[in-house]
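Me: I have a structure open and want to learn how to read its features. Could you take me through them step by step?

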Amino acid sequence: MSGPETALHAVDPRTGERLEPGYEAAGPQDVDGACELAWQAFGTYRRTGLKARAAFLDTIADRIEALGDVLVERVVAETGIPRARVEGERARTCNQLRLFAQVVRSGDWLGARIDPALPERTPLPRPDLRRRQVPLGPVAVFGASNFPLAFSVAGGDTASALAAGAPVVVKAHPAHPGTSELVGRAVREAVQEHGLPEGTFSLLHGAGHEIGTRLVTHPRIAAVGFTGSRRGGLALVAAAAARPVPIPVYAEMSSVNPVFLLPGALRDGGADLGRAFVASLSIGAGQLCTSPGLVFLVGDGSDAFIEAASAAVAAAPPAPMLTAGIRTAYDAGTARLAGTDGVRTLARGLDDPEIASPCVAGLFLTDDATFLAHSFLQDEVFGASSLLVRVADADRLAEIIGSLEGQLTATVHAAPGDHALAGELLPALETLAGRVLFNGWPTGVEVGDAIVHGGPFPATSAPATTSVGTSAIERFLRPVSYQNVPDGLLPEELRDGDPLGVPRRVDGKPV
């Protein structure tokens, strides 16, 4: 905390009220100190045993749960997110930490590979080669505005980096400093309980760009995890690339998550699809990275969908947006849609002057020719707004898909009679998005082994990776090969006899 002149305060988006207490914004020396501590901790933390590191992650989850209603109430006050969703997000956050604890224990992420020496091979003998994965180094994590727990201080980026053996320096999102401080204390308590170096985890507060830039460009930082706007993500990518030693930035940025409703699906259940679509669109006031912001209606059977979706949007209650700045950007985006020639406003949701930063849902309609003529119509409008596009001829879908930017998700709704057309679309969609859905809606991301929450630019800055699921650990690892190293000097997971009992491939065969 700090004095009134320098304090960073959250604002309740429901009332506009400034919340107490205030939190001291970090200065350049604080950033440098946190990064140096992280580097000092790296040598020790990266060598923690699998069981010890997994237990540390489990303890973080326990400590977060022990905060109880104090944490839930603070999240609600700082974000306006309903209590039930906050409780669900807390459960997801803790389950995610425990999932990565299981990953660590398994040892599979180490990627142990052994090619034994073949001294008699001709024309040249093969040396003894052994390979494993090691952590990159300290990781900078930026808390997200829309998931104050699951993509924040102890969210997926932090959990996967700590699982990899990398200390973490978190820049808290300025919209929820109290939430961040509570969770940060829980992580620090776990660090102390397990006797780990202080620099294993650090938390910094700050509202400006300077602190974030200094963090990303600090020579002790080896990688960055970010969830936020395209402008913010690209600024971090540019800063990291301009370093004397560039580092990877894993930034999740912008996605409109296109949905393709094929003729049979519209004909068989257009009205039901319209209502289900709006239910997905309005979750969290549309402030989700997987919100369906673009819907293509293929064929001439879309009237029932449009009518039902319009009615649902018109009845949609207002909900507080996360910050006044997000609300301002949302209003500008919907105004741009409404003011574009060839785009018609179908419906606007209910308003409430008592809410400081309300999201008034919006639904808009255009045709495929107008959509293809204006590239800005596929820009993300962060909030409960979506653009419907009538596509008279399925033959135009290839051109439409080819015009789209990279996405987190792409969804197809198809009846059995649409499967031939759907089969033609799927190869194109897998080049477009990180997750392809069939007869569902993109909101809601399962945390597991097979999930991908990523995609081609600008959905992310690193399309070969995912920020959700067990594979997220791979972002913060790199391979090292050991040639003819004596067995007693090798890392345990590569020694003869497999003393750690981790999965390995020997001579190309799993053992």
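Me: Which residues lie nearest the centre of the second largest cavity?

Reply: Rolling a probe the size of a water molecule over the atoms shows where empty space is left. In this predicted model, the second largest cavity has 15 lining residues. Nearest its centre lie Tyr-250, Ala-251, Glu-252, Thr-460 and Ser-467. Its volume is about 80 Å³.

Me: Which strand gives the most to the lining of the second largest cavity?

Reply: Strand 9, with 3 residues. Strand 9 covers 249-252, and both it and strand 8 supply at least two residues of that lining. By class, the lining has 8 polar, 4 nonpolar and 3 charged residues.

Me: How many cavities of 30 Å³ or more does a search of the whole structure find?

Reply: The search finds 3. The largest cavity holds about 150 Å³ of space. Its lining has 18 residues, and Val-256, Gly-293, Glu-380, Val-381 and Ser-385 lie nearest the centre.

Me: What gives the largest share of the lining of the largest cavity?

Reply: Strand 16, residues 385-391, with 3 residues. By class, the count for this lining is 8 nonpolar, 8 polar and 2 charged.

Me: Now the pockets. What is the volume of the largest pocket?

Reply: A pocket is open, whereas a probe in a cavity cannot get out. The largest pocket here has a volume of about 1500 Å³. It is lined by 42 residues. Closest to the centre are Gly-228, Ser-229, Arg-230, Arg-231 and Gly-232.

Me: Which elements give two or more residues to the lining of the largest pocket?

Reply: Helix 7 (209-217), strand 8 (223-227), helix 8 (230-241) and helix 11 (324-338). Helix 11 gives the largest share, 8 residues. The lining divides into 19 nonpolar, 16 polar and 7 charged residues.

Me: And which residues lie nearest the centre of the second largest pocket?

Reply: Thr-48, Gly-49, Leu-50, Glu-493 and Leu-500, out of 22 lining residues. This pocket has a volume of about 400 Å³. Helix 2 (50-66), helix 4 (83-106) and strand 4 (129-135) each supply at least two lining residues. The largest share, 4 residues, is from strand 4. The classes are 9 nonpolar, 5 polar and 8 charged.

Me: Next, helix packing. At what angle do the axes of helix 9 and helix 10 cross?

Reply: Start with the angle between the axes. Under 35 degrees counts as roughly parallel. Helix 9 (residues 263-282) and helix 10 (residues 303-314) cross at roughly 20°, and their axes come within 7 Å. Helix 9 is therefore roughly parallel to helix 10. The crossing is right-handed.

Me: Which residues make the contact of helix 9 with helix 10?

Reply: From helix 9 come Leu-266, Gly-270, Ala-271, Leu-273, Gly-274, Arg-275, Phe-277 and Val-278. From helix 10 come Ala-304, Phe-305, Ala-308, Ala-309, Ala-312 and Val-313. By class, this contact has 11 nonpolar, 2 polar and 1 charged residues.

Me: Why is helix 1 called roughly parallel to helix 7?

Reply: Read the angle again. The axes of helix 1 (residues 28-45) and helix 7 cross at roughly 30° and come within 10 Å. That angle makes helix 1 roughly parallel to helix 7, because the label applies under 35 degrees. Helix 1 passes helix 7 in a right-handed crossing. Pro-28, Val-31, Asp-32 and Cys-35 of helix 1 meet Ile-211, Arg-214 and Leu-215 of helix 7. The contact has 5 nonpolar and 2 charged residues, and no polar ones.

Me: Now the backbone. Which residues does the cis peptide bond with Pro-123 join?

Reply: For a peptide bond, look at omega. The bond between Thr-122 and Pro-123 is cis, with omega about 5°. Pro-123 sits in the loop between strand 3 (112-115) and strand 4. The bond from Phe-457 to Pro-458 is also cis, with omega near 5°. Pro-458 is in the loop between strand 18 (433-438) and strand 19 (477-483).

Me: Is phi of Asn-257 positive or negative?

Reply: Positive: phi is near 50°, in a residue other than glycine. Asn-257 lies in the loop between strand 9 and strand 10 (259-261).

Notes. Residues numbered from 1 in each chain as written. Predicted model: local features only at pLDDT ≥ 70, side-chain atom pairs only at ≥ 80, totals over all residues. Heavy atoms only, no water. Axes fitted to C-alpha atoms, helices over the stretch in contact; angles between N-to-C directions. Parallel < 35°, antiparallel > 145°, perpendicular 65-115°, else oblique. Left-handed = near helix turned anticlockwise from the far one by under 90°. Contact = heavy atoms within 4.5 Å. Nonpolar A, V, L, I, M, F, W, Y, C, P; charged D, E, K, R; others polar. 1 Å grid on protein atoms, 1.4 Å probe; cavity = no way out; pocket = protein on both sides within 12 Å on 5 of 7 lines; lining within 4 Å. Points joined across faces, edges and corners; volume = space filled by probe spheres on them.
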